[in-house]
Amino acid sequence: MSISIKGLSHYYPNGKRALTDINLEIPSGMFGLLGPNGAGKSTLMRILVTLMEPTEGQIDVCGYDIRTQRKEVRRILGYLPQDFRFFAKYKVREFLEYAAALTGMTNSSERGKAVDAMLEQVGLYEARDRYAQNLSGGMKRRLGIAQALIHKPQILVVDEPTTGLDPEERIRFRNLLSEASSKDTTIILSTHIVGDISSSCTEMAMLNQGQVMFRGSPAGMLKETEGKVWRMQVTNEQYAEINQKYAVISTIPHGLGWDLQVVAKESPGYGAVSYPPNLEHAYVYFTEIRDKE
Ligand SMILES: Nc1ncnc2c1ncn2[C@@H]1O[C@H](COP(=O)(O)OP(=O)(O)O)[C@@H](O)[C@H]1O
Ligand SMILES: [Mg+2]
């Protein structure tokens with residue numbers, strides 16, 4: 001295992017409990033951390049990259065303890081925070097040079113070569129003389145990944161990198177991550193976007209309200225949602241009733257009424273028939289329904 005997390009809980013100084021008894025084994029390759037806003041994804045990532053010490057628990061990163069061997073952990077880690085920003089004064093290539101120097105690349109000609117190779121890899125070589133602050137959202141994210149990868153880390157932690165990107169840039173960004181992942185590199189990608197996980201990760205965990213709700217593969221998550229999705233055609237009045245009681249996922253006009261998809265443990269009635277789940281249904285099942293009455 002690349003990363004082993006045992007009994008991890010975290011409280012913020014204001015008493016807010018952000019993580020509760022997390023136990024996770026993360027293998028090498030691409031690992032998806034899926035969860036809604038407030039689930040605790042960023043908290044978990046900040047702890048993993050040693051920016052914050054957890055209230056309780058043990059974490060081992062490639063054989064190093066995050067509490068007692070911070071320096072070693074930092075050396076093998078790359079991190080792209082959720083709210084990554086660039087200083088106004090830096091151009092693209094200058095910024096990456098600066099980031100590379102910070103990781104301890106002291107030989108300037110080797111550093112220059114590494115920087116140019118990385119700019120090629122993320123598709124920013126042509127943009128090397130532009131001010132980083134003026135890049136498009138997708139290009140900024142790619143420069144963010146470049147600074148996280150420049151020292152060839154064994155573990156790469158990226159926090160919600162696809163939020164706010166258009167579909168084309170999201171796909172490009174995900175492919176970039178997949179290319180960087182390998183049997184020797186672990187990439188932990190957090191997201192609230194179901195499609196990011198299904199199209200790039202075979203291993204994943206779902207986090208909600210600070211707890212692990214699911215650990216497995218996207219296919220496994222679908223499997224657990226089988227028999228929990230219902231489809232029915234109803235009138236306006238019935239729709240209003242159903243909407244009060246159930247998680248309605250899809251609403252399409254049908255004749256004078258509606259064609260609905262609902263996620264529920266048992267058939268809601270109204271002539272509902274079982275419907276094959278997709279990952280969006282599974283996401284709703286695990287965040288809103290599974291552990292509730
Ligand atoms: N600095 C902080 N102080 C107090 N509470 C915080 C702080 N940062 C995050 N939280 C709370 O902890 C919970 C988890 O937040 P976070 O880890 O940012 O979730 P996510 O990244 O999944 O959106 C949320 O309820 C959030 O409001
Ligand atoms: Mg976050």
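Student: Let's start with strand 9 (residues 203–208). Is this strand largely enclosed or exposed, and why?

Tutor: A residue is buried if 20 or more other C-beta atoms lie within 10 Å of its own. In this predicted model, five of the six residues of strand 9 are buried, so the strand is largely enclosed by the rest of the structure.

Student: Which strands pair with strand 9, and in which sense?

Tutor: The general idea comes before the case. Strands of a sheet pair through backbone hydrogen bonds, either parallel or antiparallel. Strand 9 shows both senses: four bridges join it to strand 3 (residues 29–34), running parallel, while five bridges join it to strand 10 (residues 211–216) in the antiparallel sense.

Student: What is the order of the strands in the open sheet of six strands?

Tutor: The order is 6-7-8-3-9-10, and the pairing is mixed. Strand 6 and strand 10 stand at the edges, each with a single partner strand, so one side of each has no neighbour in the sheet. On average, neighbouring strands here are turned by 15° against each other, direction ignored. Within this order, strand 3 also pairs with strand 8 (residues 186–191), in the parallel sense over six bridges. Gly29 stands opposite Thr186 in strand 8.

Student: Which strands does helix 1 lie across?

Tutor: Helix 1 lies across strand 3, strand 7, strand 8 and strand 9, and runs at about 150° to strand 7. Helix 1 (residues 41–48) gives three residues to the shell around ligand 1, the largest share.

Student: Which residues surround ligand 1?

Tutor: They are Tyr12, Asn14, Lys16, Ala18, Gly35, Asn37, Gly38, Ala39, Gly40, Lys41, Ser42 and Thr43. By class, the shell divides into three nonpolar, seven polar and two charged residues.

Student: Which residues of helix 5 are buried, and what covers them?

Tutor: An α-helix has 3.6 residues a turn, so residues three or four places apart point the same way. In helix 5 the buried residues are Arg141, Arg142, Leu143, Gly144, Ile145, Ala146, Gln147, Ala148 and Leu149. Their cover includes strand 6 (77–80), helix 3 (92–102), helix 4 (108–121), strand 7 (155–159) and helix 6 (167–180). The buried residues of helix 3, among them Phe95 and Leu96, pack against helix 4 and helix 5. After helix 3 comes Gly104, with a positive phi near 100°.

Student: Which residues have a positive phi although they are not glycines?

Tutor: Asp21 and Thr50 are two to inspect. Asp21, in strand 2 (residues 17–26), has a phi of about 45°. Asp21 counts as partly exposed, with 13 C-beta neighbours inside 10 Å. Thr50, in the loop between helix 1 and strand 4 (56–61), has a phi of about 65°. Thr50 is buried, with 20 other C-beta atoms within 10 Å.

Student: How many helices and strands does the protein have?

Tutor: There are 10 helices and 14 strands. Of the 293 residues, 40% count as buried.

Note on methods: Residues numbered from 1 in each chain as written. Chains lettered and ligands numbered in written order. Predicted model: local features only at pLDDT ≥ 70, side-chain atom pairs only at ≥ 80, totals over all residues. Near = placed C-beta within 6 Å. Helix = DSSP H or I, 4+ residues; strand = E, 2+ residues; numbered from the N terminus. Nonpolar A, V, L, I, M, F, W, Y, C, P; charged D, E, K, R; others polar. Buried ≥ 20, exposed ≤ 12 C-beta atoms within 10 Å, placed from the backbone. Contact = placed C-beta atoms within 7 Å. Pairing = 2+ DSSP bridges. Axes fitted to C-alpha atoms, helices over the stretch in contact; angles between N-to-C directions.
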